[in-house]
Amino acid sequence: MAKLSPLLKQATPVLAERGEGVYLYDADDRRYLDFTAGIGVTSTGHCHPRVVEAAQKQVATLVHGQYTTVMHRPLLRLTEALGEVLPAGLDSLFFLNSGSEAVEAAIRLARHATGRQNIVVFQGSFHGRTMGAAALTTAGTKFRAGIGPLMPGVAVAPFPQSYRYGWDEAEATRFALRELDYLLATASSPRDTAAFVVEPVLGEGGYIPAPPGFLEGLRERADRHGILLVVDEVQTGFGRTGRFWGHEHAGARPDVLISAKGLASGFPLSAIAAPAALMERGWPGSQGGTYGGNAVACAAALATLEVIRDEDLVAAADRLGARLGDGLRKVAADHPVIGDVRGLGLMRASEFTTPGGEPDAATAARAQQAAAGHGLLLLTCGAFGNVVRMIPPLVVSEPQIDDALALWSAAVADAAAP
Ligand code: PMP
């Protein structure tokens with residue numbers, strides 16, 4: 001008899017039997033509002049009928065071809081469809097399975113294409129758990145401690161975390177960009193620096209949107225020094241932030257875009273996109289993986305893109321996200337244990353702090369657990385673990401947002417009770 005590893009730390013007590021839209025059901029048919037969406041994955045909701053149908057059809061036709069061996073139509077169709085939604089010029093794609101693998105692929109491409117080694121990342125970043133991606137991850141010591149030596153050639157610059165610094169966004173942005181210039185002048189010469197890798201909204205690091213001017217500042221420095229701007233849209237892509245891509249909130253075009261999560265509604269699929277001229281500077285044969293671009297995952301992704309378009313889910317994320325943000329601010333106004341509420345679109349969070357403004361992970365954990373008890377599934381995040389995030393499927397309705405807010409208010413009251 002085998003058992004699950006004791007390393008498993010399950011964030012909620014739920015054993016899910018089935019999912020439908022924004023709801024999960026357990027074996028007793030107890031219903032949960034799922035505001036985790038498989039960690040920002042099931043944007044079209046659980047088991048969207050169009051995604052299910054596309055996957056079922058594909059399973060019965062061709063499950064696996066491996067596109068570096070034989071090509072298949074779902075992958076060609078998906079490539080064409082992604083061409084409609086990717087930033088102009090990023091017309092060349094490579095498919096993998098997970099966010100981490102796509103990050104690894106972007107590191108390889110950036111190093112090959114520039115002939116330089118160093119990658120600059122930003123404090124609070126999360127780029128994955130594989131060894132290269134872990135080296136780029138600074139969202140908490142649990143992702144790095146004891147597994148080293150990590151991949152060398154990584155330098156860390158500040159991310160403009162205005163709430164934590166106690167500064168306004170403009171001041172925090174000026175500071176972060178000045179520190180980046182300092183880093184380039186001292187520890188990571190532009191002649192050695194291949195790429196800046198950045199999330200448009202720090203995800204696991206605490207749901208902190210890049211303030212106005214930050215990504216533009218990176219773009220300007222990337223252009224000046226011949227450094228690539230790699231945007232990790234694993235968590236922010238496919239409408240999550242109320243724009244198709246998170247970086248669209250800024251006026252900065254990426255050189256390489258990394259995507260996963262919302263791409264295929266829960267089927268394992270990720271991709272990197274770059275201009276063909278840049279992709280050509282990678283080394284042939286350097287990228288790949290047995291399951292990358294799986295036919296069923298590609299068919300599901302194609303249906304996902306159609307659902308996002310036909311159900312206008314990007315606009316819905318913007319509109320419903322504003323409602324969620326307003327509601328979260330109201331809850332915070334009633335409960336001083338919440339020091340900050342922030343986010344974009346349907347990527348929102350509440351940060352728990354002590355009366356002195358220090359991170360309060362214990363109260364955040366109690367609120368997350370209490371919410372699960374009330375039937376609302378949530379996750380924590382943040383380098384200090386004191387942030388509770390909401391990432392509902394983009395198909396969520398206004399009444400469901402209001403239900404979630406009522407449950408959240410009750411959960412925070414429970415957590416704040418002496
Ligand atoms: N990048 C970002 C921004 C992420 O949020 C994540 C996952 N949370 C990853 C990369 C890694 O993705 P995966 O877990 O699919 O490897």
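Because the model is predicted, local features are reported at pLDDT of at least 70 and side-chain atom pairs count at pLDDT 80 or more, whereas totals for chains, interfaces and linings use all residues. Residue numbers start from 1 along each chain as its sequence is written.

The domain assignment divides the protein into domain 1 (16–44 + 312–416) and domain 2 (51–310), the bounds being those of an automatic or database assignment. The centres of the two domains, taken over C-alpha atoms, are separated by 25 Å. Their contact involves 27 residues from domain 1 and 29 residues from domain 2, where two residues are in contact if their C-beta atoms, placed from the backbone, lie within 7 Å. On the side of domain 1 that touches domain 2, at least two residues each are supplied by helix 1 (37–40), helix 11 (313–334), strand 13 (338–344), strand 14 (347–352) and strand 17 (387–390); here helices (H or I, at least four residues) and strands (E, at least two) are DSSP runs numbered from the N terminus. Helix 11 gives the most to this side, with five residues. By class, the side of domain 1 that touches domain 2 has 12 nonpolar, nine polar and six charged residues, with Ala, Val, Leu, Ile, Met, Phe, Trp, Tyr, Cys and Pro counted as nonpolar, Asp, Glu, Lys and Arg as charged, and the others, Gly among them, as polar.

The largest nonpolar core holds 135 residues, of which A106, A110, V230, I272 and A300 touch the most other members. Such a core is a set of buried Ala, Val, Leu, Ile, Met, Phe, Trp, Tyr and Cys residues joined through C-beta atoms within 7 Å; a residue is buried if 20 or more other C-beta atoms lie within 10 Å of its own, exposed if 12 or fewer, and partly exposed in between. Helix 10 (residues 295–310) contributes the largest share of this core, 12 residues. Because domain 1 and domain 2 both give residues to the core, it lies between them. When residues up to four places away in sequence are not counted, A106 touches V230, V256, I258 and I272.

An open sheet of four strands has the order 13-14-17-16 with antiparallel pairing, two strands being paired if DSSP finds at least two bridges between them. Strand 13 and strand 16 (379–381) are the edge strands, each pairing on one side only. Strand 16 and strand 17 pair over three bridges in the antiparallel sense, and T380 stands opposite V388 in strand 17. Helix 11 lies across strand 13, strand 14 and strand 17, and runs at about 175 degrees to strand 13; axes are lines fitted to C-alpha atoms, for helices over the stretch in contact, and angles run from 0 to 180 degrees between N-to-C directions. Helix 12 (residues 361–373) also packs on the sheet, where it touches strand 14, strand 16 and strand 17, and its direction makes about 35 degrees with that of strand 17.

Some backbone features remain to be described. The peptide bond from G148 to P149 is cis, with omega near 5 degrees, and P149 is placed in the loop between helix 5 (131–135) and strand 6 (154–157). A37, found in helix 1, has a positive phi of about 45 degrees although it is not a glycine, and A37 counts as buried because it has 29 C-beta neighbours inside 10 Å.
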